[in-house]
Amino acid sequence: MEARELALCLAKQPEWTHQEIAAHLQVSRETVMKYIKQYHLLYLPKNKKEKKKIDRDALHAFVVAHPELSVLKVAKHFGVSEATMKKRMEKYHIPYRTPRNNGYH
């Protein structure tokens, strides 16, 4: 990959992430990052994932209405990962079931 080729790609596709650029140029993401830095190319990092907002009251009401559900099932209902749901439940101080002892955390 040449610097000119990367610069052209960056200019034509400014909304692409490092990963998308790498896939297009058939190189690794790390190579793209290295060349951007090495050749002082203009690139504004992209964050494709938009943080999913979960209303605290809606989450609390759902958990109260469905105490038998696991964190995974609650997460699926709200369209987020299990890890994200655990973090939100801890942040909002909402108790959740632990799979080990069927108790609450």
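The following dialogue works through how to read several features of this predicted model.

Biologist: What should I know about the model and its numbering before reading any single feature?

Modeller: This is a predicted model, in which local features need pLDDT of at least 70 and side-chain atom pairs count only at pLDDT 80 or more, while totals for chains, interfaces and linings use all residues. Residues are numbered from 1 along each chain as its sequence is written, and side-chain values use heavy atoms, with hydrogens and water left out.

Biologist: How many helices and strands does the protein chain have?

Modeller: Helices (H or I, at least four residues) and strands (E, at least two) are DSSP runs, numbered from the N terminus. The protein chain has 6 helices and 0 strands, and from the N terminus on its elements run α-α-α-α-α-α.

Biologist: Which residues of helix α5 are buried, and which are exposed?

Modeller: Buried means under 20% relative accessible area, exposed over 50%, and partly exposed in between, with a 1.4 Å probe and protein chains only. An α-helix has 3.6 residues a turn, so residues three or four places apart point the same way. In α5 (residues 71-78), the buried residues are V71, V74, A75 and F78. They cover an arc of only 100 degrees around the axis, taken from the directions from the helix axis to the C-beta atoms, which puts them on the same side of α5. On the other side of α5, K73 and K76 are exposed. Just after the helix, G79 takes a positive phi of about 75 degrees.

Biologist: What do the buried residues of α5 pack against, and at what angle do α5 and α6 cross?

Modeller: The buried residues of α5 pack against α4 (56-65) and α6 (82-91). For the angle, axes are lines fitted to C-alpha atoms, for helices over the stretch in contact, and angles run from 0 to 180 degrees between N-to-C directions. The axes of α5 and α6 come within 8 Å and cross at roughly 100 degrees; angles under 35 degrees count as roughly parallel, over 145 as roughly antiparallel, 65 to 115 as roughly perpendicular and the rest as oblique. The two helices α5 and α6 are therefore roughly perpendicular to each other. Contact means heavy atoms within 4.5 Å, and here V71, L72, V74, A75 and F78 in α5 meet E82, M85, K86 and M89 in α6.

Biologist: Where else do two helices pack at an angle of about 105 degrees?

Modeller: Helix α2 (residues 18-25) and helix α3 (residues 29-38) do so, with their axes 8 Å apart. From α2, H18, Q19, I21 and A22 make the contact, and from α3, R29, V32, M33 and I36.

Biologist: How many salt bridges does a search of the whole structure find, and what is the case of R88?

Modeller: Side chains of opposite charge can pair when their charged atoms come close. A salt bridge is a side-chain nitrogen of Lys or Arg within 4 Å of a carboxyl oxygen of Asp or Glu, and the search finds 1. The side chains of E30 and R29 meet in a salt bridge (3.5 Å, N to O), and R29 is partly exposed, with a relative accessible area of 34%. R88, found in helix α6, is buried yet has no salt bridge. With Lys and Arg counted as positive, Asp and Glu as negative, and His and the chain ends not counted, the nearest side chain of opposite charge to R88 is D55, 10 Å away. Leaving aside neighbours within four places in sequence, R88 is in contact with K51, K52, K53 and I54.
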